[in-house]
Amino acid sequence: MDAAPQAATAGVLALSTGEWALVVALLAAVCAYAAAAVHLRRGGTAAPWPRRRTALWTCGWLCAGAALAGPLADRAHHDFAWHMAGHVLLGMLAPLLLVLAAPVTLMLRTLPVRWARPLGRVLASAPMGVLTHPVTAAVLDIGGLWVLYRTGLYAAMQADALLHAAVHAHVLAAGYLFAFAVLGGPDPAPHRCAPALRAAVLVAALAGHNVLAKTLYTAPPEGVSSAQAHTGSQLMYYAGAPVEIALIALLCASWPALGAGRTPLVRAAGR
Amino acid sequence: MARTRVPTGERRAGHGRNLTAGVLLGLGTVAFIDEAVFHQLLHWHHFYDRASTEVGLVSDGLFHAFSWFATVAALFMAAGLHRERALWPAAFAAGWLTGAGFFQLYDGIVQHKLLRLHQIRYDVEILPYDVVWNVIAAVLLVAGIALWAATRRRAARTSDASAAT
C-alpha cells in the first residue's frame with residue numbers, strides 16, 4: 001500500500017507492464033489514424049482529411065491515457081477524488097473528442113471497398129439501430145455509473161485487475177456511444193433520431209449524472225471515506241459541467257429549428 | 001433600432017421566436033444566479049442539502065440540466081435571429097422577464113414553500129427573504145407579461161398592415 005504512492009511520485013516512467021501495454025495500444029490507435037489521414041491527403045482523389053480531426057483523435061487518447069496509466073491512475077486506486085478526475089477524463093472528455101474525430105468515416109474512406117461495404121451494412125443494420133439509440137446509450141452510460149457506485153462493484157474493481165480493466169473499457173465505450181447517439185454524428189448515423197428526442201435524452205442523462213454526483217456526497221460507495229466522497233462528488237458535478245455544456249452546444253449547433261445555420265460550431269462537429 | 005430592419009410581414013412569426021428564446025434565457029439566468037450567487041458567492045445554498053428529499057434531488061437535477069440546455073439553446077436561437085436580422089429586443093426582453101419571473105416565482109412558492117425542498121437561507125428569520133424573493137419574481141413576471149402583450153399587439157398591427165398593402 002505504501003509503495004504505490006511513492007512509485008507515482010518517482011515519475012511518469014514508473015509504469016507497470018499492463019500500463020506499458022496500454023500505452024503501446026494507444027500509440028497504435030493514434031498512429032493508425034494519422035497514417036490513414038496522411039494516406040487520404042496523398043491520395044488526391046477524395047477531399048483531404050481535416051488536420052483538426054487528427055488533433056481531436058490524439059487529444060482524446062491523451063485524455064484516456066492520462067486516466068488509465070501514470071500518476072493520476074495510480075492515485076485513483078487509493079483516492080476517490082482522483083478516481084473522479086479520471087472518470088471525467090475517461091468517461092466524458094475523451095469520448096467526446098474521439099466522437100468528433102469521426103474515426104468511422106475515416107475507416108470507410110480508407111478501407112478497400114470490399115471491406116468498407118460490409119462495414120457500412122453493419123452500421124445500417126437493425127441491431128446497430130437499437131445499440132446507437134440515445135435511450136440505449138444513456139442507459140448503458142449513466143445506468144452503468146449507478147451500478148458501479150451503488151453496488152459493491154466499485155470496491156470489487158479495486159481488488160481485481162481484470163475487473164478494473166473491464167469497468168474502464170465499459171466507461172470509455174459507453175461514453176463514446178452516448179456522445180455519438182446524442183450528437184447523431186459526425187460519423188454516418190443511419191438511425192439518427194430527431195433532435196428533440198436527442199435533446200430530451202441528453203437533459204435526462206445529465207440530470208441522472210448530477211443526481212448521482214449529489215447522492216455520492218452523503219452516501220459514498222463501499223470503502224470510500226466521507227472526505228474523499230465530498231471532493232470526488234463535487235469534482236464529478238463541476239468538472240463534468242464544461243463537457244456537458246459542450247455536448248449541449250454541439251447538439252444545438254446542428255439543430256435547424258433553432259435557426260442554427262453555417263456557424264463555426266457546426267463545422268467543428270463535422271457537418 | 002434592430003426592429004426597423006425586420007420585414008414587417010415576418011414580424012408575427014419573429015415575435016414567437018424572439019419570445020421563446022427570451023423565456024429560455026430567462027430560465028437559464030435564474031438557474032445561473034442560483035448557482036453563482038447563492039451557492040458559490042454567498043454560500044446560503046449547499047451542494048448537498050440535508051433537508052432535501054429524493055424527490056427534491058431529482059427535481060433539482062432535472063431543473064439544472066434543463067436550465068443549461070435552455071441557456072445554450074436560447075443563445076443559438078438569438079444568434080440565428082440576429083443573422084436573419086430578425087432579432088427584436090423588446091420581444092426578446094418580454095420573454096426574458098416572463099421566463100425569469102415565472103421560474104423565480106415557481107422556485108419561491110412551489111419549491112420553497114409548498115414542497116419545502118430547501119430554503120433561501122438557514123438559521124435566520126426567513127419571512128423577509130421570502131417576501132423580497134417573491135416580490136422581485138412577481139415584478140419581473142408582470143413586467144414581462146405587459147411587454148409581451150404590447151409587442152404582440154404591435155406584431156399583429158404591422159403584419160395586418162403589410163397584408164393590406
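The largest nonpolar core has 109 residues, and A:Leu202, A:Leu251, B:Phe69 and B:Ala73 touch the most other members. A nonpolar core here is a set of buried Ala, Val, Leu, Ile, Met, Phe, Trp, Tyr and Cys residues joined through C-beta atoms within 7 Å. Helix H5 (residues 80-100) of chain A gives the most to this core, with 16 residues. This is a predicted model: local features need pLDDT of at least 70, side-chain atom pairs count only at pLDDT 80 or more, and totals for chains, interfaces and linings use all residues. Residues are numbered from 1 along each chain as its sequence is written, while chains are lettered from A and ligands numbered from 1 in the order in which they are written.

- B:Ala73 sits in helix H2 (residues 54-83) of chain B. Helices (H or I, at least four residues) and strands (E, at least two) are DSSP runs, numbered from the N terminus.
- B:Ala73 is buried, because 25 other C-beta atoms lie within 10 Å. The cut-offs are 20 or more other C-beta atoms within 10 Å for buried, 12 or fewer for exposed, and partly exposed in between, with C-beta atoms placed from the backbone.
- Setting aside neighbours within four places in sequence, B:Ala73 is in contact with A:Cys252, A:Leu258 and B:Leu24. Contact means that the C-beta atoms of two residues, placed from the backbone, lie within 7 Å.
- B:Ala73 and B:Ala21 are 52 residues apart in sequence, yet their C-alpha atoms are 7.6 Å apart.
- B:Phe69 is in contact with A:Ala199, A:Val203 and A:Ile248, again leaving aside neighbours within four places in sequence.

**Contact between the chains**

- Chain A supplies 21 residues and chain B supplies 19 residues.
- On the chain A side, the elements giving two or more residues are helix H12 (195-218) and helix H13 (226-253).
- H12(A) gives the most to that side, with 10 residues.
- By class, the chain A side has 13 nonpolar, six polar and two charged residues. Ala, Val, Leu, Ile, Met, Phe, Trp, Tyr, Cys and Pro count as nonpolar, Asp, Glu, Lys and Arg as charged, and the others, Gly among them, as polar.

**Helix H13 of chain A**

- H13(A) has 28 residues and reaches 40 Å from its first C-alpha to its last, close to the 40 Å expected at 1.5 Å a residue. The expected span is 1.5 Å times one less than the number of residues.
- H13(A) bends by about 40° at A:Ala241, and a proline, A:Pro242, follows within four residues. The bend is the angle between axes fitted to the seven residues ending at a residue and the seven starting there.

**Chain make-up**

- Chain A has 14 helices and zero strands. Chain B has four helices and zero strands.
- Of the 271 residues in chain A, 40% are buried. For the 165 residues of chain B, the share is 38%.
- In chain A, 71% of the contacts with a separation of 6 or more join residues 24 or more positions apart. In chain B, 88% of contacts between residues at least 6 apart join residues at least 24 apart.

**Confidence in chain A**

- The mean pLDDT of chain A is 86, and 89% of its residues reach 70 or more. pLDDT is the predictor's confidence in each residue, from 0 to 100.
- Residues 1-12 of chain A have pLDDT below 50, with 10 contacts beyond near neighbours in sequence.
- Residues 262-271 of chain A stay under 50, with 22 contacts beyond four places in sequence.
- Where pLDDT is low, the predicted coordinates should not be read in detail.
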